[in-house]
Structures are given as structure tokens and as C-alpha cells.
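Let's walk through this one together, piece by piece. Have the sequence and the 3D view open as you read.

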Amino acid sequence: MPAKLDMVIVGSGPGGLSAALLAKQQKKSFVILEKGSQTMQGIIDTYPKGKKVYPTIPKSYPDPFPVLEIKPPEEKIPVEKYIEQAQAVVSENDLQIHFNEEFKSIDGTFPDYIVKTDKGSYLTRNVILAFGSNIPNDLGIYGEAKTVARNIENGEDYIGINVLVIGGGNAAADVVSSLSKIKREAKDDATSVFWAHIKETFEINKDTARDLGEEVLLGGHIKILQKAIPKIGEVGADGIDRLYIHQTTSSSMGNDLYMYQGMSFPMKNVIACIGTHGPSAIFDALNLQQITCTGAICKIAKEGERLLMLSRHLETNMNGIYAIGGAISPSYMEIGSDRMIKEKKHSNLIYTAVLDAKKVMNKIQQD
Ligand SMILES: Cc1cc2nc3c(=O)[nH]c(=O)nc-3n(C[C@H](O)[C@H](O)[C@H](O)COP(=O)(O)OP(=O)(O)OC[C@H]3O[C@@H](n4cnc5c(N)ncnc54)[C@H](O)[C@@H]3O)c2cc1C
């Protein structure tokens with residue numbers, strides 16, 4: 001095994017890269033593990049092609065971006081340019097990323113952890129878990145896993161096809177406006193992007209809403225289906241797996257009868273962007289303490305969900321093991337200096353991942 005490292009950074013997303021840049025400034029020894037083959041593989045895998053990247057700072061955070069190299073520019077560049085920016089930062093700073101190497105487990109105790117991957121092991125004092133949160137939520141519908149997409153792989157595949165996007169947040173909105181633009185620019189495409197959300201109101205930020213509004217004004221065919229509930233998978237007369245969604249038109253007609261207004265789409269034309277859930281199972285396997293939400297303790301997580309417990313420096317119950325960025329979004333349990341534990345909101349944004357890296361590196365520098 002090579003010499004002991006100051007830290008192993010898991011993931012080369014905005015959080016992992018920021019931690020690496022700060023570690024370099026502090027002259028710490030480190031390796032970055034990336035299970036994919038490219039820098040920011042998580043973003044490459046989840047953003048629609050051409051999606052603009054916003055340098056959003058949540059309202060409750062007054063500070064500017066703490067690591068400017070990772071900040072998306074104010075002029076809102078497409079994701080491909082943002083990836084190029086990150087790749088340039090990696091090569092200018094000579095950050096050695098171990099691509100195609102997947103983090104598996106941690107053995108030992110502080111300050112002598114052994115991080116195991118599918119290719120080898122590293123002796124290290126600290127571990128920064130910056131592996132994002134890209135485990136998609138299930139629609140809970142029979143057959144969905146086989147055919148429902150989670151993102152647009154190739155937008156041109158949807159030209160001439162009525163497509164259904166499910167979800168009420170920014171990721172769904174981005175997919176809707178990207179698809180609408182591709183279809184509109186294809187000129188002869190009279191088909192639509194149907195956008196279904198289970199609730200009446202959509203939760204999207206200002207920048208995303210502006211893009212969407214522009215797309216509608218430019219003639220995009222976007223049809224909004226509020227209170228639309230994905231119901232069942234069915235097999236059509238032609239043997240195609242279909243997804244049926246309905247909007248209730250009457251709560252009850254009496255005598256146990258309900259009337260629904262519904263639509264059915266081939267599952268291969270459905271993209272479900274209904275969020276991701278945290279890597280709770282991975283935290284369990286690492287023996288990191290999580291707290292179950294019960295009663296009124298949690299406002300963001302649901303009853304029964306388990307949230308990682310972290311100090312204000314984002315250190316887990318195991319000294320020297322930290323978790324940052326998407327991996328701890330949308331909320332975690334923070335132990336305050338008074339030892340009180342409360343749920344802490346953590347927006348899944350590039351800014352928060354970068355800020356987290358800064359907090360952790362400040363703590364490591366003081367140790
Ligand atoms: C469609 C979409 C649009 C978005 N738009 C914006 C936006 O405009 N502005 C904004 O601020 N935020 C946006 N976000 C959110 C933003 O991308 C995330 O908050 C950010 O990427 C989180 O950074 P991270 O470093 O924590 O994780 P990630 O970016 O997910 O990076 C984690 C990395 O870890 C790697 N990894 C995972 N597991 C392992 C393992 N076991 N071993 C080794 N490597 C591993 C992954 O391959 C990945 O490269 C958007 C998100 C989505 C889905």
C-alpha cells in the first residue's frame with residue numbers, strides 16, 4: 001500500500017473537485033476516486049444536453065461562491081461548456097483523478113482508515129464522501145424499471161413523438177424546456193411535451209421558470225397536466241407497455257364510483273424526473289449514524305426516512321469521515337454545539353456542494 005494520505009475524496013463532482021482544489025492549496029496529500037470515466041460524471045449522466053447551468057445561491061446563504069474555479073459563470077453556459085471548464089481546472093491544477101475506480105468500503109479507525117475500491121486500497125487519515133445522490137426515486141408502477149427513462153439521452157429521439165415528463169421540480173422543468181426546444185427547432189414536429197405533476201403547484205426556481213416561459217413564448221408545445229397521478233402500467237392492444245395517468249374530475253360520484261380523466265403513453269416515451277433519494281444504504285454499510293424522522297422532527301424528510309447525522313463541519317459520527325454535497329441533500333441531521341439535534345435543509349446545488357467542501361477543508365486544516 002502506498003504512503004498514508006491526508007485524505008481520500010470520493011467523487012469528482014463540484015463537491016469533490018472543490019475539496020481537491022482546497023487540499024492542494026493546503027499542500028495536503030490526496031486521491032480523487034471517480035467511478036465514471038470523466039470529470040463530473042454525475043452531471044454528465046443527469047443533465048439534459050445543452051441545459052444551461054445556473055450559479056444559484058439559495059436565499060438563506062449570503063456568502064459568495066467559495067471556490068471560484070467551480071462556479072458556473074453568470075452568463076449561464078450550457079452544461080457541455082461547464083464540463084469543459086471543470087476539465088480545464090483539473091488539468092491546470094494537475095488534479096490526479098483515478099477514473100473508473102469505484103469506492104467500496106472503509107475499514108479501520110481514525111486516524112488510520114483503509115479505503116477499499118474495486119481496484120485497490122488506500123491508507124488515509126480522512127475521507128470525504130462527495131458521491132452525490134443520483135439514486136432515482138421510483139414511480140412505484142409495475143414495469144417502470146424496464147422502460148421509463150430518467151433523463152434525455154438523445155433529445156432527437158423524441159422528435160415526432162408525444163412525450164410525457166413526470167415531476168414537479170427543476171430537473172423535470174429542465175427536461176421539458178430542452179425537449180420542447182429540440183422539437184420546435186425540428187420545424188415539422190406538431191407533437192407535444194406533456195408535463196405531469198402529482199400536485200397543483202410546481203416547485204421550480206426563478207432561472208428555470210424564466211427558461212420555461214421563454215420556451216412557451218417562442219411557440220414550444222408544452223401541455224401542463226396538474227394533479228396528474230401515474231396509475232398503472234398496462235399493455236396496449238398492440239402489445240406495447242403503456243403508462244396511464246389520470247386527473248380526477250370528480251372526487252366521488254357516490255356509490256363508490258369515481259370518474260377519472262386519463263391519458264396513456266407508451267412507457268418508452270415517458271421520462272420520470274421525480275427526484276433522487278440519499279444513499280442511506282451506503283451510509284449504513286459504512287456504520288455511519290443516521291436518525292429516523294418521526295413525529296414533527298422533520299419538515300423536509302418524510303416520516304420514517306433516515307438522515308445522516310453530521311456536525312456543523314459535516315463530520316459524521318466517525319472522526320475524519322465527512323459527507324458533502326448531493327449525498328446529504330435535501331436534508332441531514334445537524335448536532336448543534338448545545339448537543340441538540342435538528343433537521344438541516346441542504347439544497348442540492350453546485351453552490352452548497354462547494355460550500356460544504358470549504359467547511360470540511362477548514363476543519364481539516366485546523367486539526
Ligand atoms: C437535471 C439537473 C439540473 C441541475 N441544474 C443545476 C443548476 O443549474 N445549478 C446548480 O447549482 N445545481 C444544479 N443541479 C444540482 C447539481 O448538479 C448538484 O447539486 C451537484 O452536482 C452536486 O455535486 P456533488 O459533487 O455533491 O455530486 P455529483 O455532481 O453527483 O458528483 C458525484 C460524483 O461521484 C461519483 N461517484 C458516485 N459514487 C461513486 C463511487 N462509489 N466511487 C467513486 N465515484 C463515485 C459520480 O460518478 C459523480 O461524478 C442540477 C441537477 C440536475 C439533476
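**Strand by strand, then out to the ligand**

L164 stands opposite F194 in β9. Those two sit in a parallel pair: strand β8 (residues 163-166) and strand β9 (residues 193-196) are joined by four bridges. Strands here are DSSP runs of E with at least two residues, helices are runs of H or I with at least four, and both are numbered from the N terminus. Two strands are said to pair if DSSP finds at least two bridges between them.

Before going further, a word on what you're looking at. This is a predicted model, in which local features need pLDDT of at least 70 and side-chain atom pairs count only at pLDDT 80 or more, while totals for chains, interfaces and linings use all residues. Residues are numbered from 1 along each chain as its sequence is written.

Back to β8 and β9. They belong to an open sheet of four strands with parallel pairing, in the order β10-β9-β8-β14. At the edges are β10 (222-225) and β14 (270-272), each of which pairs on one side only. From one strand to the next, the twist averages 20 degrees. Angles like this run from 0 to 180 degrees between N-to-C directions, with axes being lines fitted to C-alpha atoms (for helices, over the stretch in contact). Helix α5 (residues 170-185) lies across β8, β9, β10 and β14, and runs at about 170 degrees to β9. Contact means that the C-beta atoms of two residues, placed from the backbone, lie within 7 Å.

Now move to another group of strands. As a reminder, strands of a sheet pair through backbone hydrogen bonds, either parallel or antiparallel. Strand β4 (residues 103-109) pairs with strand β5 (residues 112-117) in the antiparallel sense, over six bridges. The two form a hairpin with two residues between them. If you want a landmark, I106 has V115 in β5 as its bridge partner.

The chain then turns again: β5 and β6 also make a hairpin, this time with three residues between them. Their pairing is antiparallel over four bridges, and I114 stands opposite L123 in β6. Strand β6 (residues 121-129) also runs parallel to strand β1 (residues 5-10), with five bridges joining them. Look for V10 there, whose bridge partner in β6 is L129. Strand β18 (residues 321-323) is parallel to β6 as well, joined to it by three bridges; V127 has I321 in β18 as its bridge partner.

Where does K116 lie? K116 lies in strand β5, and it is partly exposed because 15 other C-beta atoms lie within 10 Å. The cut-offs are 20 or more such atoms for buried, 12 or fewer for exposed, and partly exposed in between, with C-beta atoms placed from the backbone. K116 and F103 are 13 residues apart along the chain, yet their C-alpha atoms are separated by 6.3 Å. Leaving aside neighbours within four places in sequence, K116 is in contact with K104, S105, D107 and S121.

L123 lies in strand β6 and also counts as partly exposed, since it has 16 C-beta neighbours inside 10 Å. L123 and Y113 are ten residues apart in sequence and 5.7 Å apart in space, C-alpha to C-alpha.

Next, the ligand. Of the 36 residues around it, G11, G13, G42, G132 and G325 come nearest; a residue is near a molecule if its C-beta atom, placed from the backbone, lies within 6 Å of it. The elements giving two or more residues to this shell are α1 (14-25), α2 (41-46), α5 and α8 (350-366). The largest share, four residues, comes from α2. By type, the shell divides into 17 nonpolar, 15 polar and four charged residues. In that count, Ala, Val, Leu, Ile, Met, Phe, Trp, Tyr, Cys and Pro are nonpolar, Asp, Glu, Lys and Arg are charged, and the others, Gly among them, are polar.

Finally, zoom out. The chain has eight helices and 20 strands, and its C-alpha trace spans about 65 × 50 × 40 Å along its principal axes. Buried residues make up 38% of the 367 residues. Among contacts between residues at least 6 apart in sequence, 68% join residues at least 24 apart.
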